[in-house]
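Please consult the sequence and the structure shown here while reading.

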Amino acid sequence: MTNTILTGDRPTGQLHLGHYVGSLKNRVIMQSDPENELFIMVADMQALTDNAKNPEKVSSNILQVALDYLAVGLDPARTTMFIQSQIPELSELTMYFLNLVSVGRVRRNPTVKSEIEQKGFGDSVPTGFFIYPVSQASDITAFKANLVPVGEDQKPMLEQTQEIVHSFNNTYGEVLVEPKGVFPDKGMGRLPGIDGNGKMSKSLGNGIYLADSAETVAKKVMSMYTDPNHIHVEDPGQVEGNMVFTYLDVFGKDKEKIEELKAHYRRGGLGDVKIKRYLIDVLEEELLPIRTRREEFAQDPGQVMQMLKEGSEKAQAVAAQTMAEVKKAMGIAYFS
């Protein structure tokens, strides 16, 4: 059985190591399976829900996100990469879905509630932002995706999509496919920011980006949060909550050496600078091929945008077929 998979990113900045370990690496693995049909969406409409008065922040990052996709190994010959706003069927489907969802239900969505609080919207929350779980349901169902890779924090969004599918199919007939979530392996939580914050975030400025130069990566690693009580080299240090060791656990290949470094750090006699220099080498081994590919693709931005244009045309053809089935089921395909 072929799996149809839908995932994507908001183009509000370049992608960072949190995106890389959280989703990008897994997408490359998924695209290598001939049983998978993978759609990856540059979610510019979703990004505009809280950046409507600063559209340049969104439009200027379309190319940057596409470069990051290509740099990590996503292949347009095997994966359809497209821009959300170029698929008008998604907005149309959202309108039909809005009639099946109450304001109270959207308001109860835990992810929406927490994000409204985080952004400090209060009663001034943009309506587009408020209803974006419904828009996400359209994105997923327009391609009849049966698998959606999501983090645990996005589980309520997926549940809302499943409810909408049930409601639509019960009302109009079996047209839409109910998606299932593909969640990260247990223990594979979010990659923290270099400042020790629980989330690496573009808005917090605590990330290492795939586009960062080797010098920038080194500078960021040297500023990493470690153990504030590890003042002198001879002092025993704490590994837990120390971002250098957190990153070594994720990216380091020599697990035996990392365990030895942890033991040495705990008993004292190992300085922060030494372990940071080791992490710089580890990250450079991972990032050098990505950076090299990115620089090559960046030399021809027109070709990258052409790739997105062709992907958007392919995606629209799929969404249009779903929309034709939706309108027929709803009894509004008046002229066909």
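Which residues in α1 meet which residues in α12?

## Helix α1 against helix α12

In this predicted model, Leu17, Tyr20 and Val21 of α1 are in contact with Tyr247, Val250 and Phe251 of α12. By class, this contact has 6 nonpolar residues, with no polar and no charged residues.

Two packed helices are described by the angle between their axes and the distance between the axes. Helix α1 covers residues 17-31, and its axis comes within 12 Å of that of α12, at a crossing angle of roughly 35 degrees. The crossing of α1 and α12 is left-handed.

## Helix α12 against helix α13

Helix α12 (residues 243-251) also packs with helix α13 (residues 255-267): the two axes come within 10 Å and cross at roughly 165 degrees. Because angles over 145 degrees count as roughly antiparallel, α12 is described as roughly antiparallel to α13. This crossing of α12 and α13 is left-handed.

From α12, Phe245, Leu248 and Asp249 take part, meeting Lys255, Ile258, Leu261, Lys262 and Tyr265 of α13. The contact of α12 with α13 has 5 nonpolar and 3 charged residues, and no polar ones.

## The chain as a whole

The protein chain contains 15 helices and 5 strands. Its radius of gyration is 22 Å, close to the 20 Å that the globule rule gives for 336 residues, so the chain is as compact as a globular protein of that length. Along the principal axes, the C-alpha atoms fill a box of roughly 80 × 45 × 40 Å.

Of the 336 residues, 49% count as buried. Among contacts between residues at least 6 apart in sequence, 76% join residues at least 24 apart.

Definitions and conventions
Residues numbered from 1 in each chain as written. Predicted model: local features only at pLDDT ≥ 70, side-chain atom pairs only at ≥ 80, totals over all residues. Heavy atoms only, no water. Axes fitted to C-alpha atoms, helices over the stretch in contact; angles between N-to-C directions. Helix = DSSP H or I, 4+ residues; strand = E, 2+ residues; numbered from the N terminus. Parallel < 35°, antiparallel > 145°, perpendicular 65-115°, else oblique. Left-handed = near helix turned anticlockwise from the far one by under 90°. Contact = heavy atoms within 4.5 Å. Nonpolar A, V, L, I, M, F, W, Y, C, P; charged D, E, K, R; others polar. Rg over C-alpha atoms; globule rule 2.2 N^0.38 Å. Buried < 20%, exposed > 50% of the residue type's maximum accessible area, 1.4 Å probe, protein only.
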